[in-house]
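Please look at the sequence and the model shown here.

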Amino acid sequence: MSTSSDMQALMNRYGIVGRNDALREALATAVLVAPTDLSVLIQGESGVGKEVIPRIIHDHSRRRGKTYIAINCGAIPEGTIDSELFGHEKGAFTSAIGEHEGFFGAANGGTLFLDEVGELPLSTQARLLRVLETGEYLRVGSSTPRQTNVRIVAATNVDIPNAIKQGRFREDLYYRLSTINIKMPPLRKRQGDAVLLFKKFALDTADRYNIPEPIRLTPEAEQVVNAYKWPGNIRQLRNITEQLSILSESRSITPEVLAKYGITPNSDADTGIATIGGSSGTASQHDYEQEIKILAHAVFELRSEVQELKEKLQGGHAWNEQQGSQLPVPVQSQKNTPASHTPYHSLPGSMDIATAEEIVDDDTLNIGDMEKRNILLALQRNHYKRKLAADELGISERTLYRKIKAYGIDE
Ligand SMILES: Nc1ncnc2c1ncn2[C@@H]1O[C@H](COP(=O)(O)OP(=O)(O)OP(=O)(O)O)[C@@H](O)[C@H]1O
Ligand SMILES: [Mg+2]
């Protein structure tokens, strides 16, 4: 990266915001190593923005015109992961009706991003090591080696040296994967970036939901946002900003409003669990109100999706034209109905509890909705750290990944 304007152009292209040196160094390293075929391991806490790095590497490499595949290793069930990655022969197992190429075959000539690589089962780690060292792999059910030319970029939020000590990760694979190490800094170490990101997400959300006026922080609230530890990093900041944009009646966000969301300068980020509604006031009342608001938001999203589907099927009317609807209109649904614009004041957050309860009692909520709601709440309570949320829900992280995907939850 020769000049700072090159760096700014790169950041603009990928929608990255931040002035922090460690962040810029990580981005510069990605561009620098892109033209080589070296394996890259990206490390950093959950929600710091690791996923943009492999894309930058691929786009700046000679492989840019070829296939780029991103795989979340934590989301694929253990029983099928080998065949997903390396393919299988016809009849390799009971349900293997036909042959399957697998990602290593499909990405030949291109780049494979192995996200959450720390979640790979040990047997799969052995296969991965072999392909990294020799460029050869075996399909499940085959003893004929196949060749592939794939550049590997991996990412993890797991402390791999610790996983090695516990026998969950192969040391040799770690060294092989991390020829180049890129460390993404946590948000709490990026002085000033949290406020910049807040502004970006406030504008994005206002655009997305056609909110006339983006929210803004008071100078005192800026100090709180800067001092808070953001244990869920940028993902947590984005979610809080979106919620505030939709739920807050006032466009000016004060420290008191932030405190309701558990954002206070002295919050102990290391406890992992935040009390929704903050530490002030009667916790259970706040929890309840907050849950209702989140639920209303979930229902709003669900309804807007259903409406979009209806519109696609019927070429019909936007749902803000329906009698009695108090919910906001997503930009797409709104473009043909400017006269019936619903202001943000009637978004779920400004409903009184009774109105929200009507929605809760509404028979539109089925078991799936309730499960989606529980998942959303658990993610929220755990600062969007999937591992902690999965523990709280009593399900495995893998199952949580799949449910997040299945319900289309946008973390
Ligand atoms: N510097 C940044 N500027 C703007 N948005 C960012 C930045 N970094 C991350 N984001 C956004 O933050 C969110 C979280 O980032 P990402 O999904 O890459 O996290 P991650 O490091 O992969 O976390 P995990 O380990 O939990 O998967 C994404 O929506 C991403 O677009
Ligand atoms: Mg990720």
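Into how many nonpolar, polar and charged residues does the shell around ligand 1 divide?

## The model

This is a predicted model, in which local features need pLDDT of at least 70, side-chain atom pairs count only at pLDDT 80 or more, and totals for chains, interfaces and linings use all residues. Residues are numbered from 1 along each chain as its sequence is written, while chains are lettered from A and ligands numbered from 1 in the order in which they are written.

## The shell around ligand 1

The shell divides into six nonpolar, seven polar and four charged residues. Here Ala, Val, Leu, Ile, Met, Phe, Trp, Tyr, Cys and Pro count as nonpolar, Asp, Glu, Lys and Arg as charged, and the others, Gly among them, as polar. Ligand 1 is surrounded by 17 residues (C-beta atom, placed from the backbone, within 6 Å). The closest are Ser 46, Gly 49, Lys 50, Glu 51 and Asn 157.

Ligand 1 lies between domain 1 (4-185) and domain 2 (191-280), because both give residues to its shell; the bounds come from an automatic or database domain assignment. Helix H11 gives the most, with three residues. Helices are DSSP runs (H or I, at least four residues), numbered from the N terminus.

## Helix H9 and helix H11

Helix H9 (residues 193-208) and helix H11 (residues 233-247) pack at about 45 degrees, with axes 9 Å apart. Axes are lines fitted to C-alpha atoms, for helices over the stretch in contact, and angles run from 0 to 180 degrees between N-to-C directions.

Among the residues in contact (C-beta atoms, placed from the backbone, within 7 Å) are Phe 198 and Phe 201 in H9 and Leu 237 and Arg 238 in H11. The contact comprises eight nonpolar, three polar and two charged residues.

Technical notes
Helix = DSSP H or I, 4+ residues; strand = E, 2+ residues; numbered from the N terminus. Contact = placed C-beta atoms within 7 Å.
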